Amino acid sequence: MAQVKGQAKDISVASPNSKAKLLARNRDLSALLAVAEVATQSLDIGKILNDTLDKSLEILGFDVGFIRILDSEGKRMDVRAARGLRSPEFQRISTPVDERRNVTRIVFETKEPYVCSDIRKNRLYKNRTMEREGVVSTAAAPVLSKNRVLGIIVAGSRKYHRFTPREIRLLTAFGSQLGMALENAELYDEASRSKAYIESLVESAGDAVISTDLEGRILTWNRAAQVIFGYAKDEALGNHLAILVPPGREKELEEIQNKVQLSGVIRNLEVRRKRKDGVVIDAALAVSPIVDEQGNAVGFLHLAKDITEKQRYEKRLKELDRMKSDFVSNVSHELRTPLTAIKGSVDNMLDGITGALNEKQMRYLARIKSNADRLSRLINELLDLSRIEAGKIDLRPADISLVALTREVNESLRPVAAEKLISLEVASPDTDVSAWAERDKVAQVLMNLIGNAVKFTPSHGKVTVGVRRNGDEWVEISIADTGPGIPAEEAGRIFDKFYQVAREDRHKTKGTGLGLAISKALVEMHGGKIWLESGAGRGSTFYFTLPARQPLRSGEPAGSGGG
């Protein structure tokens, strides 16, 4: 019994102290909950700061206090809330955290509270701003969030005061609670700004931006959608996307959604859509799924562009292009008949069929023949181009010896090269290089490219034609000259129809500017490609590729062009 009584006596002695500690802890928790409630009841940062400061000072029983918050650059802290400090000078003070030693810097770096019972004896308060306000004792605690200092909260007294551990502990807890509230408010502000920015982008987009749920009900409708389809936002929202589909095309929406769910996104889909006034327009669509955090589709995003005018213009351009090709073809055919008669008559006269000619007559007739031949070449080029554009050229490829064909073309151009003292060579490490191509078409390409090289190479220059294998599938032909070269800014247009390189002497080169365009078309018809390597002052080299052998019918079609 004595032992039990002794134990009971120990408990009874300890109980009052334990109860006091429990009551103190409850008071502290109540104080912290009160500040937390104030700090989290708003997302307005100014209101959070002021309300938290008021509640903190009320609980701690002080009449002076302020809160400094770190600026956006993280270099200074500005007063954002203050109580009991009336000086405008104090409100304007911006305290650096990295330039000199001060209370703000100490709290910022240590993340610990700083207490001073008498600021009149502390050199850190040398500006005496608070002393002039009558403040004697202060305690500063960090405003913390995720171990990051966002500012400091300060409580002060106009009477000398020794801060108790409980007061420091509560002030520090208030600072941490305020830090979490500020972090949440900043996150909310950032999310609000991002949301407003995205909404502004959507609203100002040039294309219609429409989102729907999985059932096709419209959830988003921007200004461009209203302009393109004629429905105001309040008319469109909540309606089914089918209001934009012409009669008879209702299943199209389901098909598009099924494709999106399979492929993820559809781009450049050309469809017909109906405006509010019943007018049917052409539209280009891009459709993608809208997914939640788990990756599940919750709706669809439609981007639409009105391409009605574009379609109309393209159709008209095709008609004009066809009319132009027909016109060129018809005119060229009409010119060919009289030109053939002129050439035949001139040849007969030069051959002496009409009688003997004197030197002057021979000279005039030779000039007529030369210009008639030139006109015939121009007409043939126009006819070739019109046939190529109309798709009326059928290739009849076979195995051809490229080296032999190249030498044959060279020989036909050698007299022209000899007049300018130009060396004309064929270089090939393998004389048995063959290609699967139509001989006449390849000869035409070679004639154009080698003829151009001779034309633009100055006297005493050199033109070299190379033939080599390019892997097992392709052969490569190169035509290199020692001419003036082609500037980089013009090289990209060299294969355009009717384009001719501007020369420094401003002398216009004779010709139509069709030779390279025709050559490019003929090479690509064979499945090859053609390109240029050049530069001003360093000559030019044209390359083109042809298939080395007949493509397998079951294989992929030729088209990579080697190189």
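Predicted model: local features only at pLDDT ≥ 70, side-chain atom pairs only at ≥ 80, totals over all residues.
Me: What is the average pLDDT of the chain?
Reply: pLDDT is the predictor's confidence in each residue, from 0 to 100. The chain averages 81, and 84% of the residues score at least 70. Helices (H or I, at least four residues) and strands (E, at least two) are DSSP runs, numbered from the N terminus.

Me: What makes a set of residues a nonpolar core?
Reply: The members are buried Ala, Val, Leu, Ile, Met, Phe, Trp, Tyr and Cys residues, joined through side-chain atoms within 4.5 Å. Buried means under 20% relative accessible area, exposed over 50%, and partly exposed in between (1.4 Å probe, protein chains only). The largest core has 44 residues; L402, I450, I477, I479, F544 and L546 touch the most other members. Helix α13 (residues 439–456) gives the most to this core, with 8 residues. Another core, of 25 residues, lies apart from it and includes L60, I153, F174 and A181.

Me: Which residues are in contact with I479, leaving aside neighbours within four places in sequence?
Reply: Among them are L449, I450 and A453, then V463, T464 and V465. S540, T541, F542 and F544 are also in contact with I479.

Me: Why is the pair R312 and E309 called a salt bridge?
Reply: A salt bridge needs a side-chain nitrogen of Lys or Arg within 4 Å of a carboxyl oxygen of Asp or Glu. The closest N and O atoms of R312 and E309 are 2.2 Å apart, so the pair qualifies. The two residues are 3 apart in helix α10 (residues 308–350), about one helical turn. R312 is partly exposed at 47%, and E309 is partly exposed at 40%.

Me: How do you know that R275 and D277 form a salt bridge?
Reply: Their closest N and O atoms are 3.4 Å apart, so they meet the cut-off. R275 has a relative accessible area of 21%, so it counts as partly exposed. D277 has 51%, so it counts as exposed. The structure holds 24 salt bridges. D213, E215 and R217 are linked in a network of them.

Me: Why is the pair of F62 and F163 called tilted?
Reply: Rings of Phe, Tyr and Trp (its six-membered ring) pair if their centres lie within 6.5 Å; planes under 30 degrees apart count as stacked, over 60 as edge-to-face and the rest as tilted. Here the centres are 5.3 Å apart and the planes at 40 degrees, so the pair is tilted. F62 lies in the loop between α2 (45–60) and β1 (64–70), and F163 in the loop between β6 (148–157) and α6 (165–204), so the pair ties together parts 101 residues apart in sequence. Both F62 and F163 are buried.

Me: What makes W221 and F229 a tilted pair?
Reply: The centres are 6.1 Å apart and the planes at 45 degrees, so the pair counts as tilted. W221 is buried at 2% relative accessibility, and F229 at 1%. W221, F229 and Y231 form one aromatic cluster.

Me: How do you know that the charged end of K529 sits over the ring of W531?
Reply: The rule asks for NZ of Lys or CZ of Arg within 6 Å of the ring centre and within 35 degrees of the ring normal. The charged end of K529 is 5.2 Å from the centre of the W531 ring. The charged end of R367 sits over the ring of Y364, 5.5 Å from its centre.

Me: Why is H460 called exposed?
Reply: Its relative accessibility is 62%, so H460 counts as exposed. H460 lies in the loop between α13 and β15 (462–470). Phi of H460 is near 70 degrees, a positive value in a residue other than glycine.

Conventions
Residues numbered from 1 in each chain as written. Heavy atoms only, no water. Contact = heavy atoms within 4.5 Å.
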